[in-house]
Amino acid sequence: MTANAVELTPEELEAGLDAEQLRRLVGLVEHDAAGDPFPVIAQDAIVFVVGNATQAAQFYQAVFGMELVAYSGPETGRRDRKAFVLRSGSCRFVIKGGVSPDSPLLDHHRRHGDGVVDLALEVPDVDKCIAHARATGATVLEEPNDVTDEHGTVRRAAIATYGETRHTLVDRSRYHGPYLPGFVTAQTRVQRPEGHPKRLFQALDHAVGNVELGKMDEWVGFYNRVMGFENMAEFVGDDIATEYSALMSKVVASGNHRVKFPLNEPAIAKKKSQIDEYLEFYGGPGCQHLALATNDILTTVDILRSNGVEFLNTPDSYYDDPLLRERIGKVRVPVEELKKRGILVDRDEDGYLLQIFTKPQGDRPTVFFEFIERHGSLGFGKGNFKALFESLEREQDKRGNL
Ligand SMILES: [Fe+2]
């Protein structure tokens, strides 16, 4: 271990992860935070606004196997909204919905449908981050402030990112409550079926943003300049083009790669791309998918499917293609097992990854999930993009939006 070795967050320790597992799960690298103008510890939470938080929270417990850990709402003095905090390993979701008819959350939901409003980040020094963000041209939505209850004090602030999405910055080093001041401890009532693993995913791997045509480089520049994120990988043009649809994608990551944000924009093609469809139905830029890291994708997918989750279909031709076996080499499971479940494989110089994508989880064709099992690869499934998008387009066509 060197001085720059990966330090685990309390959430990761509590989730039973060690540095080696994390490195494997989400492709963590060592990083010296001392020279970082905007040090980021980890993703703090993914905050959703949905049409019915009570039912969505139950969905994420019953179907995604998440654990309810905290709650705030009318019963705890917040008359205008409900918020449920769910955990799976080190990954934290917060599901919010409006209660009183004049709640601004309902206006947000009217515009965007179910979606992600906040990619909150845990940082060691909120004031330092905000000073740097302001100096580099970010919009500060919430000035640094202390929030306190009987469990301690959280210092927080927020900056704007694409669309109506924000990054709340949280320093929780002086806080010991279940989430944030104002939240009370809550417990899952959903029983885990016998024989099921403790959790179906252990960490968040990446959170993808869709932005308008021509805006991707602007947002890559924002993350480089404001948050000191580095460019990880780059997919342009033909990499992600099918006959009808195309997109461009670049990935930015925090110094230790614990936080990874791919950014997509539509590219010109014969027909409307999946990014255009998202932008139309979300009503602008926003978070497209969340990739959840699992150490056993076969079991995870089997359980999710038995819980009713629908995944994108992968054509048999993907698995029967002799070039596939040549491209992916030796992987830990027989290709037949992957084919049975529609799991995709990709390999790069560092290793390989297994991945699968759900269909959109709300009513609008917008937000969906990816499940990913990494074996050394630090990539995002570049080799699968074409196979995947052809499958996506068949779904888009069924909805009459191609
Ligand atoms: Fe992804």
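**Entry 1**

I started with strand S10 (residues 203-210) and found seven bridges joining it to S14, with the two running antiparallel. I noted that this is a predicted model. Next I looked up Val208 and found that its bridge partner in S14 is His289.

I then followed S14 to its pairing with strand S17 (residues 368-375). These two strands pair in the parallel sense, over five bridges. His289 turned up again here, as it stands opposite Phe368 in S17.

Is strand S14 buried or exposed? I checked residues 286-293 and found eight of the eight buried, so S14 is largely enclosed by the rest of the structure.

**Entry 2: a hairpin**

I moved on to strand S15 (residues 344-348) and strand S16 (residues 351-357). They pair in the antiparallel sense over five bridges. I looked at what links them and found a hairpin of two residues joining S15 to S16.

**Entry 3: the whole chain**

I looked up the helices and strands of the protein chain: there are twelve helices and 17 strands. The radius of gyration is 20 Å, close to the 21 Å that the globule rule gives for 402 residues, so the chain is as compact as a globular protein of that length. I also noted the box that the C-alpha atoms fill, roughly 60 × 45 × 45 Å along the principal axes.

How many of the 402 residues count as buried? I read off 50%. Last, I looked at contacts between residues at least 6 apart in sequence, and 69% of them join residues at least 24 apart.

Notes: Residues are numbered from 1 along each chain as its sequence is written. This is a predicted model: local features need pLDDT of at least 70, side-chain atom pairs count only at pLDDT 80 or more; totals for chains, interfaces and linings use all residues. Two strands pair if DSSP finds at least two bridges between them. Helices (H or I, at least four residues) and strands (E, at least two) are DSSP runs, numbered from the N terminus. The radius of gyration is taken over C-alpha atoms; the globule rule is 2.2 Å times the number of residues to the power 0.38. A residue is buried if 20 or more other C-beta atoms lie within 10 Å of its own, exposed if 12 or fewer, and partly exposed in between; C-beta atoms are placed from the backbone. Two residues are in contact if their C-beta atoms, placed from the backbone, lie within 7 Å.
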